[in-house]
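Dear colleague,

My notes on its ligand site and on several individual residues follow.

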Amino acid sequence: MKTILITGGAGFIGSAVVRQFIADTDCHIVNVDKLTYAGNLQSLASVSDNPRYRFEQVDICDAAEVARVFREHQPSAVMHLAAESHVDRSISGPADFIQTNIVGTYTLLEAAREYWRGLDAERKAAFRFHHISTDEVYGSLGENGFFTEETAYEPNSPYSASKASSDHLVRAWHHTYGLPVVTTNCSNNYGPYHFPEKLIPLVILNAVNGKSLPIYGKGDNIRDWLYVDDHARALRLVLERGEPGETYNIGGWNEKTNLEVVQSICAILDELHPQGAPHSQLITFVQDRPGHDRRYAIDATKIAQDLGWKPQETFESGLRKTVEWYLQNTDWVQNVTSGEYQNWVQKNYANRSMA
Ligand code: NAD
Ligand code: DAU
């Protein structure tokens, strides 16, 4: 029976990965999460009582605690998703990004290396450290071309520079110490349980509440969108079948301008939530993000050819599911927007051990 240690499992993508592992496999999952503002245990309510799920409230920068978690749970693999993830926050306050994304990754790598050195030959060969990263490490594209696994790193924001640093650390721990690592670089995710500071959930909730829909600059920046459950399936496949030392780009072949994304959300809401239609009247062009990357687009050929992955959702089907989810899950939305979600752990775990 495999035990997977997942960092950042209370976040947007991490919680999707945890829910999938519990639903679709017999793996044991240890979720290691500090519960920053972005961590929400309510997103894991459907698995929290499962005997194969354990939660450890641990900061990945805390070397002693991270070592204890490895000792106690004896994982067969690590999937490292814990990070500060929001570009705007990295511009207004980069310190946490340097700490968690760089120092935290270093701390986790050292704990993993120490643990891996002590495994018997069979478990040592099977062990994997899967680092989950972003397409933003490659910088910004012009009108044409795609990011491949060979594209040179050119990170532009404090966020992407911190993620690029962590990718380099992971690479070095493989090259120097032989730690069996795999790295994935993915494009923009969207879907249920997404914290409403990011474009898609922010626009859905603002539109439902009759608030303005802020679009940076002219709205012509381009992102390549992938439904979060498709990303989670890709991550599980890379963990299972990826070659140690390799990196895999993951993307949805779904390039859209930000204005197109917002207009699509408005059109779906006009149909599903006609109060306030046309919602596009709420669109407001605001000051651009400093250093705003122009275009991201992933060439996902390698993961398709080598591992047989392809996304199940189109942008249209995934976006509709996402809007429906936000309209139906008013309790989750209410707890997040009021800040009550940060008390959810105390209320729901008051008389139970965390594990
Ligand atoms: P998120 O912000 O929703 O979640 C991050 C999680 O990490 C939270 O649960 C938070 O509590 C936890 N965390 C933060 N600092 C921690 C620390 N010091 N110790 C332990 N836990 C800590 O992020 P996300 O959008 O789910 O992204 C997950 C990963 O995927 C990140 O590494 C991100 O760089 C990468 N990624 C995200 C996207 C995207 O579109 N969201 C795309 C590509 C890659
Ligand atoms: O490309 C992968 C990255 O995608 C991940 O590594 C990051 O963790 C994730 O946050 C995301 O980064 P972006 O900066 O692309 O996501 P965000 O949702 O913040 O912004 C998407 C686009 O929309 C971007 O061009 C900025 C723009 N935007 C964003 C917000 C929050 C707006 O126009 N208005 C807004 O209010």
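A polar contact here is a pair of N or O atoms within 3.5 Å; within protein, one must be able to donate a hydrogen and the other to accept it, and residues adjacent in sequence count only if both atoms are side-chain atoms. In such a contact, a polar backbone atom of Leu 199 lies 2.8 Å from an oxygen atom of ligand 2. Taken alone, ligand 2 exposes 690 Å², of which the protein buries 94% (accessible areas come from the Shrake-Rupley method with a 1.4 Å probe; for residues, only the protein chains shown count as cover).

As to provenance, this is a predicted model, in which local features need pLDDT of at least 70 and side-chain atom pairs count only at pLDDT 80 or more, while totals for chains, interfaces and linings use all residues. Residues are numbered from 1 along each chain as its sequence is written, chains are lettered from A and ligands numbered from 1 in the order in which they are written, and side-chain values use heavy atoms, with hydrogens and water left out.

The ligand site

In total, 22 residues surround ligand 2, the closest being Ser 85, Asp 135, Tyr 159, Arg 289 and His 292 (a residue is near a molecule if one of its heavy atoms lies within 4 Å of it). Strand β8 gives the largest share of this shell, 3 residues. Both α7 (199–208) and β8 (213–216) supply at least two residues each (helices, H or I, of at least four residues and strands, E, of at least two are DSSP runs, numbered from the N terminus).

A buried leucine

Leu 109 belongs to helix α4 (residues 95–117). Leu 109 counts as buried because its relative accessibility is 0% (buried means under 20% relative accessible area, exposed over 50%, partly exposed in between, with a 1.4 Å probe and protein chains only). Beyond its neighbours within four places in sequence, Leu 109 is in contact with Phe 129, Leu 169, Val 170, Trp 173 and Leu 179 (heavy atoms within 4.5 Å).

Backbone features

Most residues other than glycine have a negative phi, and most peptide bonds are trans. Trp 253, in the loop between β10 (247–250) and β11 (255–257), has a positive phi of about 55°. At 45% relative accessibility, Trp 253 counts as partly exposed. The peptide bond from Ala 277 to Pro 278 is cis, with omega near -5°.

Yours sincerely
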